[in-house]
Amino acid sequence: MTVDQSFVVMAKPVGSHCNLNCSYCYYLGTDALIGSAPAPRMDDATLEALIRRYIADSPGPMVQFTWHGGEPTLAGLDFYQKAVELQKKYLPAGWECWNNLQTNGVLLDDDWCAFLSREHFDVGLSLDGTAALHDRYRRDAAGQGTYERVHAAVQRLKAHGVKPDLLCTVTADAAREPLAVYQPLRDLGTGWMQFIPIVRWGYNGAPTEDSVSPEGYGDFLCTVFDLWSRNDIGKTGIQFFNECALVKAGGQASLCWMAPVCGRVPVVERDGGVYSCDHAVDLDHRLGTLDDGLRGLIDSSVQAAFGSLKRDSLTGQCQACPHLPMCNGGCPRDRFGVSDDGEPGQYYLCDGLRRFFRYAGSRLDILAAGLRVRQSPDDLMAALRAEERAMWKNIGRNDPCPCGSGKKAKTCCLGRKP
Ligand code: SF4
Ligand code: SF4
């Protein structure tokens, strides 16, 4: 999800309904938290209210619609045909809509792909790197893996001229084989991917087995960054690395978990209910309904308090951290770690992030500068490789690892030395 100075609505046309049963899904079962079981699909009147009010409350001239779930394609192609018609009806002259559909891809046949291509939808498609990893977590209701169907959907989209953004989770398993995850995604040639760490807190007061550890996440990021920065700039974009470069260049991250405050990405559920964010859809975070007006709800004191809690609840470690501008202490929903000096409320993946920022920091600076002056990918990669060699120069097996872990290189990143 992305944010800007204004706000971006994440619409849930079918709420948490889904045709898959992915084991790590955070949204399945949300109906129980919002205290009602609305109709399975957003009705026509609610859809029209969403589009009319969102456009009216947006500063324009670009209005970004993110269609999310559950599985948003379950609303049917006719729902989106209607949505596009309504967008055209309500858009002021000179304004545009940008539609982003985040899907598991299982229902994407030629009719869907032709529509998405014709209407210039951006498509985010969930694909967990390897068939083995994907089918372990992303199964249908019958317990069957879905890798082959999703892989076919990527090819079908590409045949229609749509290059999907590949959304890949980083579980504990995936973190153990970063190259095996990254390379096949890159080789699909869609040009863009996101890595989404899986962090879930179990009822036993410990991370679930599939949750990536801070160490595993840091290792995954460092390894993928090395490979990408040596070979793939200009061919493949990786959202987190681009976001880091953006912040290094003085910009503001568009990923909400990297932003200083929360609250600019509200959810509109299928009954028109408006909630604070995708990870806060429950009665405590119900701001109101579309009838109350989106702008007013997003600027309300309740949502402002939700947003500023992120900044106001930073641990002392985060407040003193040189990397604070990069991650702003991470998502408050995942702050169930403990800081170095024992303060609760630390972002669980902090150690992994710190390791990555230390390991890749000088190269992120080069990346940011290169992107700012539109340096050619080849020149940029040459500069990054030179920096990587300089970083490793004179580092022997028993020297401190340049990732800043405090370990000897031989027990840490030496295997990554170019
Ligand atoms: S709580 Fe987490 S997911 Fe929600 S807006 Fe804040 S950073 Fe984003
Ligand atoms: S790297 Fe860790 S300590 Fe530093 S700001 Fe981020 S979460 Fe806080």
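Ala-386 counts as exposed, because 12 C-beta neighbours lie inside 10 Å of this residue; the exposed class takes 12 or fewer other C-beta atoms within 10 Å, the buried class 20 or more, and partly exposed lies in between, with C-beta atoms placed from the backbone. Ala-386 belongs to helix 16 (residues 377–392), helices being DSSP runs (H or I) of at least four residues, numbered from the N terminus. Between Ala-386 and Arg-363 there are 9.6 Å in space, C-alpha to C-alpha, and a separation of 23 residues in sequence.

The model is predicted: local features need pLDDT of at least 70 and side-chain atom pairs pLDDT 80 or more, while totals for chains, interfaces and linings use all residues. Residues are numbered from 1 along each chain as its sequence is written, and chains are lettered from A and ligands numbered from 1 in the order in which they are written.

The shell around ligand 2 includes Cys-318, His-323 and Arg-354, a residue being near a molecule if its C-beta atom, placed from the backbone, lies within 6 Å of it. Three helices each supply at least two residues of this shell.

| Helix | Residues |
|---|---|
| Helix 13 | 316–319 |
| Helix 14 | 324–327 |
| Helix 15 | 350–372 |

Helix 15 gives the most, with three residues.

Helix 2 (residues 44–57) and helix 3 (residues 77–90) pack at an angle of about 40°, with axes 10 Å apart; axes are lines fitted to C-alpha atoms over the stretch in contact, and angles run from 0 to 180 degrees between N-to-C directions. The two helices are therefore oblique to each other, as angles under 35 degrees count as roughly parallel, over 145 as roughly antiparallel, 65 to 115 as roughly perpendicular and the rest as oblique.
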